[in-house]
Amino acid sequence: MTTRSRVLGAFGLILLAAFILLPFVQVVQLSVQSTLGTPEAPLGTYTMMNYRNIFASDALVSSLVNSVTYVTLNVALTLLVALPAAYGISRYHIPGRRLFFITLLAFRVTPPVVLSLPVFILFSKLNLINTPVGIALVHCVFNVPIAIWILESFISAVPREYDESAKLDGYSTSRFFIKFLIPAIAPGIGVTMFFCFVFSWVEVVFARTLTVTDGKPITMAISNLFGFQTDVGLVMAMTVFSLLPGLVMIYFVRHHIARGFVVRG
Amino acid sequence: MGNLGQRRPWLLLMPALAILMVVGIIPLGIVFYYSFYDIFTLQARSWVGGQWYSALLSSSRFYDSLLRSLGFSTLIMCIQFPLGIFIALMIPRGGVVRTGTLVLLALPLVVPWNMIPMVWLSLVDADRGLIGMAIAASGWDFDYKFNALHTWALIAVMDTWHWVGLVAILSYSGLASISPSQYQAAAIDQASRWQVFRWVELPAMRGVLLMALLLRFMDSFMIYTEAFGINAGGPGAATSFLSLDLGEEMRGFDYGPASARSIVYFAITACVVWAFLRVSAREEVPRR
């Protein structure tokens, strides 16, 4: 690489960093400011007041707990059903696999608004409204397809001989999964967990529709802060909290983010 | 359990299918059923046949929204794909800069979708926003509330910020699959930078790019939370995209028309996916 292209490359990356980070700078900056103005903290002074206010509000704290609960449940459920499916697709010629793919993709890209009403009706009958279980379940509609896609490409990178030797040693399918397959594709499990976690965490339409009176997610708790006189600083402090779990997840998978997106026919 | 996979491999797909049944296929069936009814309450409804469908498909508003959504998808794909591929090409293949850039690109993905318009609105706020203050200082008359062009620009920039990282990450994962020997072969052939891109890098990215294309097209075509948060479809109807119309009917409790609209949208979605799979299968290099 020439010096000139190196300098240009570095300049480009700095521009990119500025573009991506600017909104985050704004959020953090407003979160440590008094944006309504109180006697102790006049408008515009820097203060940790907003963060203290979060913990003074039961609704805000419980929304954090609710979100973490359904997202964790969703990731567990998604992995549980996607792992066997990804393995099956990777290793066997399954009749109807093309139809299976079309169904998966179609539901991944179906807008949540389209499904929110019937899911609400169905889940009311099943008593799944206002519970984290309901949201965890419905988020599978877009996470299971993503998980199968990522896991399948990681599993396909494991040689078949690996399964066969385990089976010759007399391992059952479930023991084989736990003792051999999962450790062999650990980075793939990590990447899958990251994307499922993120897509469930950021989703709004289902999470709002399915929580009428109770179990509100963090996204709704923040929306509910808007009113006649909105405390922007508090909103931003809550937004900072809403970013933390995602940042932790990114840190764990930082070396593997760009792996596992091989597309097969 | 035994060696279940070998005897009945399709059983491995069953748990995933069962979940999709409950959260996808059955709800879709319910919508389909309701789309033929006028719904006062879910208990009191009357059969109207295809009335909602013919009303929707003969309303000019539907086609206007369809065109707007198509225009929006086209616009953001024309920005995000060249930009995302360009970013992917800039990322070094190893080291701290590589990891750092990939982490940077993933950052906007973890922001809850209803926070995104809120954050961008505070960025362009003329009193406190970092961009808004700069715009005010420059004297530019930026007005995202009443100037349709400015609303579109704001949504497009916001969407690019949100999603260009995904395009870049996917492109990069394609590039990372190229072995050094392929580059060496190209260098021996004295291939130009453009030829390397066209004949080595682009084919390696083909699969992931097609997938990114489907995801970006559909997600922008049906954009809801972010676009609604900026200007609720306005000014006038300048940014009322397909999903915003549906959201409006839902909020107005027009469940019959909303159901018919949902089915039409799902049909569009299914057609796009089908076309996408046809295209990707046709150009597929035979496997094994």
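The largest nonpolar core has 147 residues, and A:Ala82, A:Ile148, A:Val198 and B:Ile169 touch the most other members. Such a core is a set of buried Ala, Val, Leu, Ile, Met, Phe, Trp, Tyr and Cys residues joined through C-beta atoms within 7 Å. Helix H8 (residues 148-175) of chain B gives this core its largest share, 13 residues.

This is a predicted model: local features need pLDDT of at least 70, side-chain atom pairs count only at pLDDT 80 or more, and totals for chains, interfaces and linings use all residues. Residues are numbered from 1 along each chain as its sequence is written, while chains are lettered from A and ligands numbered from 1 in the order in which they are written.

The table lists contacts (C-beta atoms, placed from the backbone, within 7 Å), leaving aside residues up to four places away in sequence.

| Residue | Contacts |
|---|---|
| B:Ile169 | A:Ile257, A:Ala258, B:Leu102, B:Leu105, B:Ala106 |
| B:Ser73 | B:Phe217, B:Ser220, B:Phe221 |

B:Ser73 lies in helix H4 (residues 60-90) of chain B. B:Ser73 is buried, with 20 other C-beta atoms within 10 Å; buried means 20 or more, exposed 12 or fewer, and partly exposed in between. Helices here are DSSP runs (H or I) of at least four residues, numbered from the N terminus.

In chain A, the axes of helix H4 (residues 97-109) and helix H7 (residues 140-156) come within 8 Å and cross at roughly 130°. Axes are lines fitted to C-alpha atoms over the stretch in contact, and angles run from 0 to 180 degrees between N-to-C directions. H4(A) and H7(A) are therefore oblique to each other. Angles under 35 degrees count as roughly parallel, over 145 as roughly antiparallel, 65 to 115 as roughly perpendicular and the rest as oblique.

Conventions. Helix = DSSP H or I, 4+ residues; strand = E, 2+ residues; numbered from the N terminus. Contact = placed C-beta atoms within 7 Å.
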